[in-house]
Amino acid sequence: MTDTGTAPSLLLVDDEPSILSALRRLFRPQGYRIFTAESGAAGLAILEQETIDLVISDMRMPEMDGATFLKAVRQRWPRAMRILLTGYADITSTVSAINEGEIYRYIAKPWDDTEMLTVVREACERQRLESENRRLTALTQAQNDELKTLNASLEQKVAERTTELRQALSFVEQAHGELKKSFMTSVQVFAGLIELRSGPAGKQLAGHGRRVAEHARAVARRLALSDGEAQNIMLAGLLHDIGKIGLPDDLLGKPWNTLSGEQRALVMKHPAIGQNILIGIERFRDAALIVRHHHECYDGSGYPDRLAGLAIPLGARILMVANDYDALQVGTLVQRPLKPAEALDFIAENSGKRYDPGVVEVFVKLIGETLKEGPVELPLRTMHLKPGMTVSRDLMHRDGYLLLAAGSVLKAEIISQLVRMEQVEQHNLTVHIRQEEK
């Protein structure tokens, strides 16, 4: 995608000048940079000279048809989006273009102008989001490399930052080994896009997706959902905020009730954007639907589709409760961060309004048991830690990433590394240790 503030560039390829003229008249008022070619060879020549965001090619052209041309574009410029114009009689060639050229969409001639503009706009937006994904992935890698150079002994800790989701997805790893091998890296990158962003919001939101996923999975199990359904709900919990990757940094940690109307309109787009990002991966399609509807309210006042009651997918109703419970404590839903008991009261008071009463009943019981049975904690400085102690809370770095997950058992080498980190960064750490009741 072109740099922010630069209009997307379109390459229109058709052997009929009249078709090119019609397309040029359609797109020019939209502000696109437009290039035209009357053959596949001419189109390839333009691609060698110009940065093209999206290619629209006719199917039937002499010498090189649209399927062959788009296949060459995919091989040499894979990041350029590809759309095929085709007649109803070209179904065999269209299938070939889909399989070999991996086109984004095909549009039948004669086209509808509104449909054409919508498809092109969505394609350009998808490419912008993919470009942002690549940028943030590169940023994450750069941050990991910087931490490695800080101290060679901290390399293991940097690796733990990228494997946090492996720990959170232990259920998925046990039940679906193939999913772990094929998609673990994608899940890690996607789920960390928001939480690994720099600034105060990144620190504030650290671990939000994992906590939401764990609570949502626990509710799904208590509702006796299948392993597959519970897995999809957990994945949706981890990835529910992926659609926020394009939002300004200052909106990520800002309470909802302090946003202006314009800011709310921006935030309200993220569930649909999140679905669009995930739906292209076959194994995420069910989770993508849950992501789209996780802000739908039971009384129909939510977004993006204003669904109500049982019309909202059950996974989304579960995720709505788990997400709001954590957001209330983080301070991104109401202006003052709430204590766990206060957040639970808010959930109960809004049963039948924001939330499904059946889900609320299970969730309140689940969290009530957790609060009642919570471990007795002892905050300790690193100099007082001993091997065998169990960490009762996530230990976060001041830059917002996880150092030790709750439940970790301390070893001598881990304690030594924490002490050295304090010395290097000149910043004291406090570790909360679980005290066994006697």
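Residues are numbered from 1 along each chain as its sequence is written. Because the model is predicted, local features need pLDDT of at least 70 and side-chain atom pairs count only at pLDDT 80 or more, while totals for chains, interfaces and linings use all residues; side-chain values use heavy atoms, with hydrogens and water left out.

## The sheet

Start with the strands. Helices (H or I, at least four residues) and strands (E, at least two) are DSSP runs, numbered from the N terminus. Two strands pair if DSSP finds at least two bridges between them.

Now follow the pairs. Strand 1 (residues 9–13) and strand 2 run parallel and share 5 bridges. Here Leu11 stands opposite Phe35 in strand 2. Strand 1 also runs parallel to strand 3, with 4 bridges between them. Val13 faces Ser57 of strand 3. Strand 3 and strand 4 pair in the parallel sense over 5 bridges. In that pair, Ile56 stands opposite Ile83 in strand 4.

Is strand 3 mostly covered or mostly open? It is mostly covered: 5 of its 5 residues are buried. Buried means under 20% relative accessible area, exposed means over 50%, and partly exposed lies in between (1.4 Å probe, protein chains only). Both faces of strand 3 are covered. Leu54, Ile56 and Asp58 are buried on one side, and Val55 and Ser57 on the other.

## Helices on the sheet

Strand 3, helix 3 and strand 4 make a right-handed β-α-β unit. A crossover is right-handed if, with the strands pointing away from the viewer, the path from the first strand over the helix to the second runs clockwise.

## Salt bridges

A salt bridge is a side-chain nitrogen of Lys or Arg within 4 Å of a carboxyl oxygen of Asp or Glu. By this rule the model has 17 salt bridges. The table lists some of them.

| Pair | Closest N to O distance |
|---|---|
| Arg76 and Glu48 | 2.6 Å |
| Asp394 and Arg210 | 2.1 Å |

Arg76 is in helix 3 and Glu48 is in helix 2 (residues 40–49), 28 residues apart. Arg76 is partly exposed at 45% relative accessibility. Glu48 is partly exposed too, at 47%.

Asp394 lies in the loop between strand 6 (376–381) and strand 7 (395–396), and Arg210 lies in helix 11 (residues 208–222), so this pair ties together parts that are 184 residues apart in sequence. Asp394 is partly exposed, with a relative accessible area of 23%. Arg210 is buried, at 11%.

Arg292 belongs to helix 16, while Asp305 is in the loop between helix 16 and helix 17; they are 13 residues apart. Asp305 is partly exposed at 33%. Elsewhere, salt bridges that share partners join Asp14, Asp58 and Lys109 into one network.

Most residues other than glycine have a negative phi, and most peptide bonds are trans. Pro110 lies in the loop between strand 5 (105–108) and helix 5 (113–150). The bond from Tyr303 to Pro304 is also cis, with omega near 10°. Pro304 is in the loop between helix 16 (285–292) and helix 17 (314–330).

Arg306 is found in that loop between helix 16 and helix 17. Its phi is positive, about 55°, although Arg306 is not a glycine. Arg306 is exposed, at 57% relative accessibility. Gln426 has a positive phi near 50°. It lies in the loop between helix 20 (412–425) and strand 9 (430–435). Gln426 is exposed, with a relative accessible area of 72%.
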